[in-house]
Amino acid sequence: MTNLYPYLVNKNISSIVMFPNAWKAGKLYNIYPTTLNWFTAQRSTQAYRTDASKLLDLRGVNEPRLDYEYSDCPELFMEKYSINYFVYSNNFDFWTTSGGGTYTNNAGAGPDGIADSAALFDNKVALQGIDFPGGYTTLSIWAKSAVNPTCSMNLFIGGDQQFFTVTDEWQLYSFTINTGDTPSNCGFGIVDTAYVWNPQLEESEYATSSIYSGENQGFREQDIIYKDITTKNYYLTYFDIRLVGGATITNIFECIGSMNDNTLDKFITLGTSKTNQLIVNLYNNPNNQVIDLGTYEDGIHKVAIKWDNDSVKVFVDGLLEADVSNTANLPTNQTDRIDLGTIAGNYYPVRDRIRGFIYMGAMTDILPTDEELIRLTQLGPLPDFMISEVGEFVVTQENNNIITE
């Protein structure tokens, strides 16, 4: 067993241990360990998360989203800016409808658990004329079969469409195309009977969380979560993350977390590609150093990055995957900010979840050894602890201990 507690209380080490399990508007906290750490949280609009009861839950302005979609433990959920190009997204009196069937607004509880928040469609098509943007466009809708165990639904964007079998449980269905800027009819059709909730059309490679719209198109601002730190000579950052596939990410790289100088000129960041490659990127304008760690499957992964002015070591799932020189010449004495999901508040986040985070900074090289970091990042068949469902990283509630077993 390795006890990391001495490192965290060493007077020569600055440390942040973040298990995202408490929040208020503008702040993300951890409760355990009991030493209070917090990040500043910014998002100037409301946004949905999945709560502990697996229902959609609308959180307020600047409230970080602790999400339970994949776990019984809270996971930090961050998203990019997006617009729902549909208006009146949950009131179909303002849509164009066709077919011999019927629809009824406010007919049943939706995936948010709120009474009469969903509409009932019976053999009916609903659409809006949308001048949708070029590039990737995604149409998504929550749906649940109402009478039979399953029914059929199609989603269409102009002349492109995709058919789905809708089950008797609420699910989010989505359809993505890559097209030009063409005025088009976009919507859905139900064969048989189904409840539907909040259709959404957005300029995105994948469906983001639901954005409600009324008379005007709705939008959700990007999540920004960060903390200022004191510059040191040696750094360690550790991420316990859940990779979530299914996104067709057009950018080469999207950010999971970073250390930076409050700009996009100097940073070290952990990110992922559209093929689930984990990538560490050091950038010291104009020098750029990319460390490709390989492709990883969906699910839990643990990554530790230990770096200074001379070298960079990266540990993934119990293996030392990279031990290289700091060829970007990224200076440590200008790193004074940590961002989760962005770089200095820029670059939009991915769909992945952050389950836990550790930062250590020291003036001398007294950080955990390579052997300790190998143990810290190992995966194992442990039950659902505060920070990881499948890892050997356990949080105790006594003496702020962080241990690996």
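Me: How many charged residues are in the lining of the second largest cavity?
Reply: The model is a predicted one. The lining of its second largest cavity has five nonpolar and four polar residues.

Me: What is the volume of the second largest cavity, and how many cavities of 30 Å³ or more does the structure hold?
Reply: The second largest cavity has a volume of about 50 Å³. The number of cavities of 30 Å³ or more in the structure is two.

Me: Which elements give two or more residues to the lining of the largest cavity?
Reply: The largest cavity holds about 70 Å³ of space. Its lining is made of L76, F77, M78, I241, C255, I256, G341, P349, V350, D352, R353 and I354. Two or more residues each come from β9 (75-77), β22 (254-260) and β30 (353-362).

Me: How many charged residues are in the lining of the largest cavity?
Reply: Nine residues of this lining are nonpolar and one is polar. D352 and R353 belong to the lining, and Asp and Arg count as charged. The number of charged residues is therefore two.

Me: Which element gives the largest share of the lining of the largest pocket?
Reply: The largest pocket has a volume of about 670 Å³. Its lining comprises 35 residues, and those nearest its centre are T50, L56, E69, W142 and L172. Both β6 (47-50) and β17 (171-179) supply at least two residues of the lining. The largest share, five residues, comes from β17.

Me: Which element gives the most to the lining of the second largest pocket?
Reply: About 210 Å³ of space lies in this pocket, and its lining is formed by T45, Q46, A47, Y48, L58, S210, I211, Y212, G218, F219 and R220. Two or more of these residues come from β6 and from β19 (218-220). The element that gives the most, with three residues, is β19.

Me: Which classes make up the lining of the second largest pocket?
Reply: R220 is one of the lining residues, and Arg counts as charged. By class, the lining has six nonpolar, four polar and one charged.

Me: Is C73 buried or exposed, and how many disulfides does the structure hold?
Reply: C73 has a relative accessible area of 9%, so C73 is buried, the cut-off being under 20%. C186 is likewise counted as buried, because its relative accessibility is 0%. A disulfide is a covalent bond between the sulfur atoms of two cysteines. The number of disulfides in the structure is zero.

Me: What is the bridge partner of Y283 in β25?
Reply: Strands β24 (residues 277-284) and β25 (residues 287-295) pair in the antiparallel sense over seven bridges. The two strands form a hairpin, with two residues between them. In β25, the residue that is the bridge partner of Y283 is N288.

How values were computed
Residues numbered from 1 in each chain as written. Predicted model: local features only at pLDDT ≥ 70, side-chain atom pairs only at ≥ 80, totals over all residues. Heavy atoms only, no water. 1 Å grid on protein atoms, 1.4 Å probe; cavity = no way out; pocket = protein on both sides within 12 Å on 5 of 7 lines; lining within 4 Å. Points joined across faces, edges and corners; volume = space filled by probe spheres on them. Helix = DSSP H or I, 4+ residues; strand = E, 2+ residues; numbered from the N terminus. Disulfide = S-S within 2.5 Å. Buried < 20%, exposed > 50% of the residue type's maximum accessible area, 1.4 Å probe, protein only. Pairing = 2+ DSSP bridges.
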